[in-house]
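Hello,

Here is the structure I promised to pass on to you. Please have a look at it first, and then read on for what was found in it.

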Amino acid sequence: MSDRLDRLERTMESLTDTVRDLQTRLAALEGARAEKAGPAVEPSAPGAPSSPEALSAASASARGSLAAKLPQAGRTFLVLGGAFLLRALTDAGILPPPAGVSLGLAYALTWIGFAHREATRQRPTSAAFHGLASVLVAYPLLFEGAIRFDVFSPIGVAVALTAVTTIGIVAAWRSHLRLVAWWFTLAATATIISLMFATARPILFSALLVGLGVATLGLAYTRNWVGQQWLVAIPANLAVLRTSFMVSQPESGAMEVSTSGVQTLVVAFLLSYLGTFAGRRSSSRFCSRTWGPSRL
């Protein structure tokens with residue numbers, strides 16, 4: 001047993017000497033490298049605050065920005081509370097459904113006007129919240145007005161939806177409120193698709209998608225707001241393809257389709273998009289010849 005302990009002690013001493021020697025050599029190598037490279041400078045992350053004071057100022061600015069948005073978010077919830085009050089009065093029978101839906105749409109359009117006013121006063125954040133409130137009130141009301149309250153026929157809700165979307169997108173275009181235009185486009189697309197299945201009128205609402213797609217192309221060309229046109233173009237293409245397929249497979253669903261209606265839809269779809277592309281290209285060539293490429 002004592003021999004084993006002696007061998008273990010000698011082994012531990014040998015390992016200790018080896019580790020000590022390695023540490024000495026590593027320290028020597030690091031010292032030589034530091035002398036060649038010069039004084040080390042700790043790199044700082046790009047854009048990071050260079051002092052505790054700057055970091056504190058940035059944090060205070062972020063808190064101030066959040067605090068400024070909280071009242072606007074609260075105001076939006078109050079707007080939604082007014083819309084729910086109108087809906088409750090309609091559900092209770094105090095307001096007739098046509099009156100309740102009409103008042104709700106007028107209420108939503110009022111907030112579009114407020115959004116435009118705030119944008120002209122250089123308050124884009126407040127304008128964006130007004131636009132969001134208008135979207136959250138208008139589009140659920142349009143869907144329920146057609147499906148639950150039976151206030152709108154399919155054609156009537158298509159006309160009302162077109163009017164609300166046109167007013168909202170034009171107001172956003174005039175006020176340079178891209179975020180509001182996105183919200184109206186998203187809400188209109190979702191509502192049209194929902195109504196397409198709920199009312200069993202694929203031709204009518206596919207045509208609405210095509211019209212909305214052409215409108216978003218106009219936003220892309222005049223304001224350079226790219227992205228929205230693809231958001232609408234994809235479901236518009238799918239809706240036209242699905243409706244065309246339903247003509248050849250009438251037993252595939254219970255939706256109302258006719259061969260002449262689908263042919264008209266496909267021709268309108270092609271002419272709308274191809275005409276928009278051709279008009280854009282022609283105007284670009286005219287501007288290039290008139291003012292030169294620097295004005296494009």
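**Loops, helices and contacts**

N224 is found in the loop between helix 7 (202-223) and helix 8. This residue has a phi near 60 degrees, which is a positive value in a residue other than glycine. N224 is also exposed, with a relative accessible area of 55%; here buried means under 20% relative accessible area, exposed means over 50%, and partly exposed lies in between, using a 1.4 Å probe and protein chains only.

Before going further, a word on the ground rules. The model is predicted, so local features need pLDDT of at least 70 and side-chain atom pairs count only at pLDDT 80 or more, while totals for chains, interfaces and linings use all residues. Residues are numbered from 1 along each chain as its sequence is written, and side-chain values use heavy atoms, with hydrogens and water left out.

Now the overall picture. The protein has nine helices and zero strands, where helices (H or I, at least four residues) and strands (E, at least two) are DSSP runs numbered from the N terminus. Read along the sequence, the pattern is α-α-α-α-α-α-α-α-α. Of the 296 residues, 31% count as buried.

D150 lies in the loop between helix 4 and helix 5 (154-175), and its phi is near 55 degrees, a positive value in a residue other than glycine. D150 is exposed, at a relative accessible area of 60%.

Next come the charged side chains. Side chains of opposite charge can pair when their charged atoms come close. The count comes to six salt bridges, each being a side-chain nitrogen of Lys or Arg within 4 Å of a carboxyl oxygen of Asp or Glu. Which residues are linked in a network of salt bridges? They are R87, D91, E144 and R148.

You can follow that network step by step:

- D91 and R87 meet through their side chains, at 3.1 Å from N to O. Both lie in helix 2 (residues 52-91), four residues apart, about one turn of the helix. D91 is partly exposed, with a relative accessible area of 37%, and R87 also counts as partly exposed, at 27%.
- E144 forms a salt bridge with R87, and the closest N and O atoms are 2.8 Å apart. This pair links distant parts of the chain, with E144 in helix 4 (residues 124-147) and R87 in helix 2, 57 residues apart.
- R148 forms a salt bridge with E144, with 3.9 Å between the closest N and O atoms. R148 is partly exposed, at a relative accessible area of 46%.

On to the aromatic rings. A pair of aromatic rings is described by the distance of the centres and the angle of the planes. Rings of Phe, Tyr and Trp (its six-membered ring) pair if their centres lie within 6.5 Å; planes under 30 degrees apart count as stacked, over 60 as edge-to-face and the rest as tilted. By this rule there are five aromatic pairs. One of them is F269 with Y273, a tilted pair at 5.3 Å centre to centre and 55 degrees between the planes. F269 and Y273 both lie in helix 9 (residues 259-291), four residues apart, about one turn of the helix, and both are buried.

Y273 also pairs with F277: their ring centres are 6.2 Å apart and their planes are at 55 degrees, so this pair is tilted. Y273 and F277 are four residues apart in helix 9, and so are separated by about one helical turn. Is F277 buried or partly exposed? F277 is partly exposed, with a relative accessible area of 40%, whereas Y273 is buried, at 9%. Elsewhere, Y107, W111 and F114 form one aromatic cluster.

Finally, a polar contact inside a helix. T199 lies in helix 6 (residues 178-199) and counts as buried, at 18% relative accessibility. A polar atom of the T199 side chain lies 2.5 Å from the backbone oxygen of L195.

I hope this helps you find your way around.

Best wishes

Technical notes. A polar contact is a pair of N or O atoms within 3.5 Å; within protein, one must be able to donate a hydrogen and the other to accept it, and residues adjacent in sequence count only if both atoms are side-chain atoms.
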